[in-house]
Amino acid sequence: MMDILSPAGPQAAHIRELWHVTVLLCTLVFAGVLSVLAYVLWKRPRAGEADTPDLAARGAPEAGPRRRVSAAVAASVLGLLFLIVASVVTDRALAHLSLKDALHVEVTANQWWWEARYDDPQASRVFTTANELHIPVGRPVIFTLRSNDVIHSLWVPQLAGKKDLIPGRTATLHVRADQAGSYRGQCAEFCGFQHAFMAFTVVAKPPAEYEAWAEHQRQPAAESGDARAVRGRELFLGTSCVMCHAVQGTSASARRGPDLTHLASRETLAAGTLPNKPDALKQWIRNPQQFKPGVNMPATNLPDSDLDALVAWLGSLQ
Ligand code: CUA
């Protein structure tokens, strides 16, 4: 669900207030204009066929209409000024989120997926994931936003407003989730063919659960010793997969595609496009273009049994 009217944190709540104020004012103006229109249509002078036109009044100054038009212009200017003040007040409120003990996450947009790097003063505790961000409830999060290719926009309506990710620039977005839950986000700036399939999820969980999740993400891949999975591992490390993907604990360390260290722990594949199920994963690896035409991942020309082995290994990366 993407709903700006059900905020899960203070930032989204400020934006909802601004929305309510704007809708209320615009509704009043709309109702006012329609009422005046209805009134003048009702009260207009009705000339009969026999009446001669009153040409004498043409060109003479009309004090009444001029006063009413001036009043309407003044009311419009006041209304617009009020909306400007309301958005400045909202902007200031958004900038005043306390950032004490904030979590730092670097989000990098790519065509068409998201990379999230969880910073830590200790380099060994930094970890990277993709398309699924977990954050602790009640603790502020500073997202540092970058783009690797074109302009994207990060938008999680239940947590914050939109923020653009512009190549060569860095932006920040401050967020706090006060309710646990899973919040869908979406790229909100047209960024190419698969812009609509550039979704992600922000999972807010109690701090202890978040710490457990983060600790798990820091570990190298937990691999299955199953024979088919072992064969899958060999295939992964011996084919073109390693040109783009990283799996911590193996020799795969490329950063062009999503980090797959804990792929099996995620809900979706391909930035929210497919459910993370073995069959979907197999179809995705076989031919990603059928789900996301234009995506950078090429089709795989492996026999069915090899694909099954690959899926068995990737499915074991909890
Ligand atoms: Cu990325 Cu639209």
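How many salt bridges does a search of the whole structure find? The search, in which a salt bridge is a side-chain nitrogen of Lys or Arg within 4 Å of a carboxyl oxygen of Asp or Glu, finds 15. The structure is a predicted model, in which local features need pLDDT of at least 70 and side-chain atom pairs count only at pLDDT 80 or more, while totals for chains, interfaces and linings use all residues. Residues are numbered from 1 along each chain as its sequence is written, and side-chain values use heavy atoms, with hydrogens and water left out.

One of the salt bridges joins the side chains of Arg 139 and Asp 101, at 3.8 Å from N to O. Arg 139 is placed in the loop between strand 4 (132–136) and strand 5 (141–147), and Asp 101 in the loop between helix 2 (63–95) and strand 1 (103–110), so the pair ties together parts that are 38 residues apart in sequence. Helices (H or I, at least four residues) and strands (E, at least two) are DSSP runs, numbered from the N terminus.

The domain assignment gives domain 1 (1–33 + 85–209) and domain 2 (227–314); such bounds come from an automatic or database domain assignment. The centres of the two domains, taken over C-alpha atoms, are separated by 28 Å. Domain 1 contributes 14 residues to the contact and domain 2 contributes 19 residues, where contact means heavy atoms within 4.5 Å.

About 1,300 Å² is buried between domain 1 and domain 2, with carbon and sulfur atoms giving 51% of this area. Buried area is the accessible area (1.4 Å probe) that two parts lose on being put together, summed over both. Across this interface, 0 salt bridges are found.

On the side of domain 1 that touches domain 2, the elements giving two or more residues are strand 2 (113–118) and strand 3 (127–130). Strand 3 gives the most, with 3 residues.

The count of aromatic pairs comes to 8. Rings of Phe, Tyr and Trp (its six-membered ring) pair if their centres lie within 6.5 Å; planes under 30 degrees apart count as stacked, over 60 as edge-to-face and the rest as tilted. The ring centres of Phe 127 and Trp 213 are 5.5 Å apart and the planes stand at 75 degrees, so this pair is edge-to-face. Phe 127 belongs to strand 3 and Trp 213 to helix 3 (residues 207–218), so the pair ties together parts that are 86 residues apart in sequence.

Two features of the backbone were also identified. The peptide bond from Gln 111 to Trp 112 is cis, with omega near 0 degrees, and Trp 112 lies in the loop between strand 1 and strand 2. Asn 131, in the loop between strand 3 and strand 4, has a positive phi of about 65 degrees although it is not a glycine.
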